Amino acid sequence: MPPAGRRRPGRSTVVAAGAVALGLSGVLCLLHAYLTRPFWYDEIWRAHFVSEPLTSFWSELTVANTPSALGWLGITRLAGEAFGWHSWSLRLPGFVAVPLLGAAIVVLTRRFAGTASAVFAACWLCLNTTFLDLATQLKPYTVEALVTVCIVVIWTADPLGPPDEVPAAGAPRGPDRGRLVRRTVAGVLALVAVPGIFVVLPLAAVDVWRGPARRWRLVECLPALAFSAVHTVGFVAHQSSQRNGDYWDRQFLAGRGPWAALRFVADQVRATVTGSPPGIDRFDPSLIHGTVPTGPLGSAPAALIAIAVAAAGATGVAALARHRQGRALLAALGGAELMMLGASAARYWPFGPTRTNLYVVPLLVVVVVVGVERAIRSLLSAVRGRLPRGGPQQAAGRSKDALPTLALPGSVIARSLSDSSSELVTESDGSCALPGALDSAVADSPPPPPAGPARVPGLAGSRVGLARAAVVLPLAAVVAITGCGVLLLQTSLSGSRPLWEHRDRLRGLDLMVDAAIVTRRVARPGDVVAVGGRLARPGWLYAMEASDDGPREPTDLQPGPAGDGRPRRGAVGGTVASAAAERSVGETSASEASTVGSVGAVPAPSRVAAGGSAVDGGSAVGDHRPAGPAADAQAPATGGVGAPARIARRDTVFFGGAKPALLRQLARRPVPPGHLLVFVFDVERTSLAGQLAPLHRAGWCATQDWNFRLTGVLTRYDRCAPSSPPPRRVIVAYH
């Protein structure tokens, strides 16, 4: 292991970091389709809070699903303001963070391991299928992971020496300006990550734990502590409405007894350490997960990987604990886990391998990789120590060609060579005193043993076997560790094919922008839009008020020729045999839309109209002429030219959840609506059916439906007599 010293990153580190960043950028270029696809639910509600006007920004944060960091919101909003409120522009910061994270991991790992290990650590994390799936969405997790690595790198970069060393004689006593600047920068970076305080606080505790100048170290840490504390208490805590729900209950320590709490902690630690890579959310069904290849071995590979990762992690902890920078990294990792566990006891933060805790995964990866390299180096050192100097081949060659050792002058050979000569005496010059006797002795000596392997006594044979085992076993262990690494990398990449094939899959609420565009084109002055479902509110506000994106299939929402109610040429042909068949198609679309997160091929847009003929969806929207007593000749708000006008929030009511009933809100309006456009989020259609049923008794009749797969249904209601039968409804389905 290279010493964790005070040197700057070398040329090899810079080259490796640049190569990793370039390679990851190429991977993201292949996945560029993820930039432009529509937002799904987990993304579009974040887009709403990012784009909310400043006048209502602070109040809207109180109903955020999960908290967001001030810095991340600012960066994402800046991207939207600079490039337009498109899905690709808001996802861009997360995309850019991936290659930067890979380079940062290389720089951090190179402080404790070699270049090859650093590159492996970056690829292990950044090429993981689940990680890439999260990184290609409008979510802050990759940015938070990047911020965490940068904080640790900056905090531990002390070229003037460790914080606890005794100042040299005559040196000024006081805070070090360089450390003060670096820790202040780390505090500013903590504003970009919600869990930034979980990293800054343990690092500051290590600085002031011991040393002769701890008060000056505390002064150096104060800006970082102040930034992260104010951000957490003043901004993040303002968005803590999610703790009142039950979504994260399985990841909270709160509400458990002593034994259940111990079991919970043990299970979460095991799942975190043995994950692949550890700490990434493997429970969210909407994500693409890599799987351990089983084959004929069953679950043996998964168990082998788990044991190898745990053993390597323990080895890495022991190795890092010997270095000051390594101890700081371990403090950041261990302190973050302890603080998350404490926050989960108060229902403020989930504990375990969830996507919210992705920020600690790079540190876990570094610990494991350092342990793997330390184990391989130790095994190879043991092998080299067992081999003769110069290598086994040269040692064997010398044993065969070496000359016999001559007797030293004046020595006496007291060995009996024959009966006639009991001893040989040499003169001081080394010449033989009795040449005849020597010839006789050589002639009478027993013949040399036959050629072949020499016999080795039992004790010597056992020593040779042990020596061979001491060489073979470490080499076998190195091969096994390498095999586990290859299997681990294969596991991380095993979901690459689904990630590539599902570039256009719908996760749920993907067609909210399409629904908003249809509503804008259908709505007329005096109409009221009602949006049903607690989960639909933020997505609807973003799609209606901020989004600059067009529909998922632009040709589907293009209006036909003015006054032409017939299908355009080239539209889907065919007829529907009966009204029952028409209803079955609509019900099928609704049933498909209720399965949020389903994976499969996305069918082409289909349009079904009442009366037996299939019409183009865009024509039905652009040339909509409601039938019955509510029919009128009012023109759209835009006059049919350009983009349709956005519907103001004052003309929109939200119902469902804790909101008042729909009819009650309509009755409170000072001016009765001319028409009613009701959008119901697909997941909550069943729970909101009771609020839609009384509309007919109140004089509202549904005349047309637009079904948006995995998103919801938009229904137009016109005035009608309560006693009259409901008119025939037109159904337009978008897939």
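How many aromatic pairs does the ring rule give in this structure? The count comes to 10 aromatic pairs, where rings of Phe, Tyr and Trp (its six-membered ring) pair if their centres lie within 6.5 Å, and planes under 30 degrees apart count as stacked, over 60 as edge-to-face and the rest as tilted.

Before you click around, some ground rules. This is a predicted model, in which local features need pLDDT of at least 70 and side-chain atom pairs count only at pLDDT 80 or more, while totals for chains, interfaces and linings use all residues. Residues are numbered from 1 along each chain as its sequence is written, and side-chain values use heavy atoms, with hydrogens and water left out.

**Stop 1: two ring pairs**

Select Trp58 and Phe235. Their rings form a tilted aromatic pair, 6.1 Å centre to centre with 45° between the planes. Trp58 belongs to helix α4 (residues 54-60) and Phe235 to helix α12 (residues 214-236), so the pair ties together parts that are 177 residues apart in sequence. Helices here are DSSP runs (H or I, at least four residues), as are strands (E, at least two), numbered from the N terminus. Trp58 is partly exposed at 43% relative accessibility, whereas Phe235 is buried at 8%. The cut-offs are under 20% relative accessible area for buried, over 50% for exposed, and partly exposed in between (1.4 Å probe, protein chains only).

Now select Phe120 and Trp124. This aromatic pair is tilted too, with 6.1 Å centre to centre and 35° between the planes. Phe120 and Trp124 are four residues apart in helix α7 (residues 115-126), separated by about one helical turn. An α-helix has 3.6 residues a turn, so residues three or four places apart point the same way. Phe120 is partly exposed, with a relative accessible area of 27%, and Trp124 is buried at 1%.

**Stop 2: charges over rings**

Show Arg243 with Tyr348. Arg243 lies over the face of Tyr348, 3.9 Å from the ring centre. The rule asks for NZ of Lys or CZ of Arg within 6 Å of the ring centre and within 35 degrees of the ring normal. Next, show Arg537 with Phe654, where the charged end of Arg537 sits over the ring, 5.4 Å from its centre.

**Stop 3**

Select residues 41-51, helix α3. Here 11 of the 11 residues are buried, so α3 is largely enclosed by the rest of the structure. Among the buried residues are Tyr41, Trp45, Arg46, His48 and Phe49.

Which element gives the most to the lining of the largest pocket? That is α3, with five residues. The largest pocket holds about 1200 Å³ of space. Of the 49 residues that line this pocket, Tyr41, Asn65, Gln242, Arg534 and Leu535 are the closest to its centre, so they make a handy selection for centring the view, given that lining residues have an atom within 4 Å of a grid point. At least two lining residues each come from α3, α4, α22 and β4 (652-655).

**Stop 4**

Select β7 (residues 712-719), where seven of the eight residues are buried. Strand β5 (residues 676-681) pairs with β7 in the antiparallel sense over six bridges; two strands pair if DSSP finds at least two bridges between them. Look for Phe681 opposite Gly712 in β7.

Nine of its nine residues are buried, so β6 is largely enclosed by the rest of the structure. β6 and β7 pair in the antiparallel sense over eight bridges, with Trp700 partnered by Arg719. Asp705 stands opposite Thr715 in β7 and also opposite Ile731 in β8. Strand β8 (residues 730-734) pairs with β6 in the parallel sense over five bridges.

**Stop 5: two leucines with positive phi**

Most residues other than glycine have a negative phi, and most peptide bonds are trans. Select Leu710, in the turn of the hairpin formed by β6 and β7, which has three residues between the strands. Leu710 has a positive phi of about 60° and is buried at 1% relative accessibility.

Finish at Leu509, whose phi is near 70°. Leu509 lies in the loop between α20 (496-501) and α21, buried at 0% relative accessibility.

Definitions and conventions: 1 Å grid on protein atoms, 1.4 Å probe; cavity = no way out; pocket = protein on both sides within 12 Å on 5 of 7 lines; lining within 4 Å. Points joined across faces, edges and corners; volume = space filled by probe spheres on them.
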